[in-house]
Amino acid sequence: MVRQRYIMHVDMDAFFASVEQLDHPEYRGKPVIVGGLSGRGVVSTCSYEARKFGVHSAMPMATAHRLCPQAIYVQGRYGRYQEVSREIRKIFQEFSPLVEPLSIDEAFLDLTGMEALAGDVYALGPKIKQAIRERTGLTASVGLAPNKFLAKLASDLRKPDGMVIIRPEEAAATIAPLPVGRIFGLGQRSVAALEKMGIRTIGQLAACDPRLLRPLLGKNAEEIRNRAQGLDSRPVVPDEQRKSLGKENTFPVDLVGMETCLGALWDLCQQVGWRLRCAGLSGCTVTLKVKTGTFQLLTRSRMVEEPLSQDEELMEQIRLLARQLSWSQPVRLLGVSVSHLVPAGSQSLALDDERRQKRNQALDALKQRFGEDIIRKGWGKR
Ligand code: TTP
Ligand code: MG
């Protein structure tokens, strides 16, 4: 019998804006918009109060001003958000030794094996929300499901401050009525092509003959149909085990001009740099990925002599790569990734010690929470 997996996805609510409301009580309950305030800046995120006016991430600031002139506009304070992110990561690691951070404010946690120890694994959802609230003063939304796809979808269903469990037996019925656009990795163009064929919901896609999907979705057809059926066997992979580490963003509205794109790339560099440093890694190759509004895909890579992990170093390479491209077309997606990863610092032995120490600390925390038996019963047999 296949053992049931328990995957949790945790995502902070309106993260940057919530931190601003936390630090400035006078902002609470009001529309708060965080982002680049200079001429061509874009919105990083906004509070739920601002979302009612139609403001969203990656929107040009000028548009946000038009939609919600009364909002409080704040220049992002990345260092502060990283500080909070570090605290959240500590909490994640207290709940599972297998944590895959996706960005500064979200992660997958593999809780498989906890059933013998924690009793009801589903009770860990409210517990992690409570720990986050108590230790950071912020709210998170949590999804708990048998795989990554369903867990991420679940955490998004009742945002903000949501908690959604999708049990294996409920998965098909829960996702069937949702629009196909909810499937992560399915782009706008594929959604439009499916809609043209009358396939609007995930349920319709799940029931569709796979031969019909191949011409529309290409090599991803089978994977996407699996997702529509609620299936996803991808493991939770901690950053330390990755071959490359990156972040990309598809913008709700195409970005125009190199300056605007560089602003968005700086955001991405900070996120990638942060993940590298959290994982104790540096990288030797930097790659810039650009998808234009007409779906033309361009990538440029550079190797560096000294492995890097600092945001500014990463951005310097990205600037050099950006100069190799023409920015005459609108940009739909930007990505930054770093590969050929090596342990940060030249003293690899010292780092091994550090890793071992970190692992032992995580295990001690687990033992304290669930008793000495956790190691033997919990993670031995995966
Ligand atoms: P998200 O989790 O996508 O958004 P959010 O936390 O602000 O709101 P939600 O409640 O919907 O989860 O992103 C996390 C942070 O990353 C966000 O607070 C700001 C930053 N970010 C950008 O800087 N640019 C972007 O385009 C996006 C999507 C996020
Ligand atoms: Mg979030």
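## An exposed loop residue

Lysine 52 is exposed, with a relative accessible area of 73%, and in this predicted model it is found in the loop between α2 and α3. The C-alpha atom of lysine 52 is separated by 8.8 Å from that of proline 31, a residue 21 positions apart from it along the chain.

Alanine 58 also belongs to the loop between α2 (48–51) and α3 (61–67), but alanine 58 is buried, with a relative accessible area of 10%.

## The chain as a whole

The protein chain has 382 residues, of which 48% count as buried, and its secondary structure comes to 16 helices and 12 strands. Among the contacts in the chain with a separation of 6 or more, 66% are made by residues 24 or more positions apart.

## The magnesium site

What coordinates the magnesium ion (ligand 2)? The ion is held by Asp11 through OD, by Met12 through O and by Asp105 through OD, at 2.0 to 2.3 Å. The site has 6 donor atoms, with angles of 78 to 178° among them, and its geometry is octahedral.

Along the chain, the donors of the magnesium ion (ligand 2) follow the spacing D-M-x92-D. The two aspartates link distant parts of the chain, for aspartate 11 is in strand β1 (residues 7–12) and aspartate 105 is in the loop between β5 (99–103) and β6 (106–110), 94 residues apart. Aspartate 11 is buried, with a relative accessible area of 12%, and aspartate 105 counts as buried too, at 11% relative accessibility.

## Helix α4 and its two partners

Helix α4 (residues 78–95) packs against helix α6 (residues 124–136) at an angle of about 145°, with the axes 10 Å apart, and the crossing of α4 and α6 is right-handed. On the α4 side the contact is made by Val84, Glu87, Ile88, Lys90, Ile91, Phe92, Glu94 and Phe95, while α6 contributes Leu124, Lys127, Ile128, Ala131, Ile132, Arg135 and Thr136. By class, the residues of this contact divide into 9 nonpolar, 1 polar and 5 charged.

With α13, the axis of α4 crosses at roughly 40° and comes within 12 Å, again in a right-handed crossing. Here Tyr78, Gln82, Ser85, Arg86 and Arg89 of α4 meet Asp267, Gln270, Gln271, Trp274, Arg275, Arg277 and Cys278 of α13. The contact of α4 with α13 has 3 nonpolar, 4 polar and 5 charged residues.

Cysteine 269 lies in helix α13 (residues 258–279) and counts as buried, at 0% relative accessibility. Not counting residues up to four places away in sequence, cysteine 269 touches Asp311, Leu314, Met315, Ile318 and Val336. Glycine 246 is 23 residues apart from cysteine 269 in sequence, and the C-alpha atoms of the two are 8.8 Å apart in space.

Aspartate 239 lies in the loop between α12 (221–228) and β9 (244–255). Leaving aside neighbours within four places in sequence, aspartate 239 is in contact with Arg89, Val99, Pro101, Leu245, Arg275, Ala279 and Leu281. Two of these partners, Arg89 and Arg275, also take part in the meeting of α4 and α13.

## Backbone features in other loops

Most residues other than glycine have a negative phi, and most peptide bonds are trans. Against that background, phenylalanine 295 has a phi near 70°, a positive value in a residue other than glycine. Phenylalanine 295 is placed in the loop between β10 (281–292) and β11 (297–308) and counts as partly exposed, at 24% relative accessibility.

A cis peptide bond joins lysine 159 and proline 160, with omega about -10°. Proline 160 lies in the loop between α7 (148–157) and β8 (163–165).

Terms used: Residues are numbered from 1 along each chain as its sequence is written. Chains are lettered from A and ligands numbered from 1 in the order in which they are written. This is a predicted model: local features need pLDDT of at least 70, side-chain atom pairs count only at pLDDT 80 or more; totals for chains, interfaces and linings use all residues. Side-chain values use heavy atoms; hydrogens and water are left out. Helices (H or I, at least four residues) and strands (E, at least two) are DSSP runs, numbered from the N terminus. Buried means under 20% relative accessible area, exposed over 50%, partly exposed in between (1.4 Å probe, protein chains only). Axes are lines fitted to C-alpha atoms, for helices over the stretch in contact, and angles run from 0 to 180 degrees between N-to-C directions. A crossing is left-handed if the near helix is turned anticlockwise from the far one by less than a right angle, and right-handed if clockwise. Contact means heavy atoms within 4.5 Å. Ala, Val, Leu, Ile, Met, Phe, Trp, Tyr, Cys and Pro count as nonpolar, Asp, Glu, Lys and Arg as charged, and the others, Gly among them, as polar. Donors are N, O and S atoms within 2.8 Å of the metal (3.2 Å for Na, K and Ca); water is not among the atoms, so sites may look incomplete. Four donors count as tetrahedral if all angles lie between 85 and 135 degrees; four count as square planar and six as octahedral if opposite donors are over 155 degrees apart and all others between 65 and 115; anything else is irregular.
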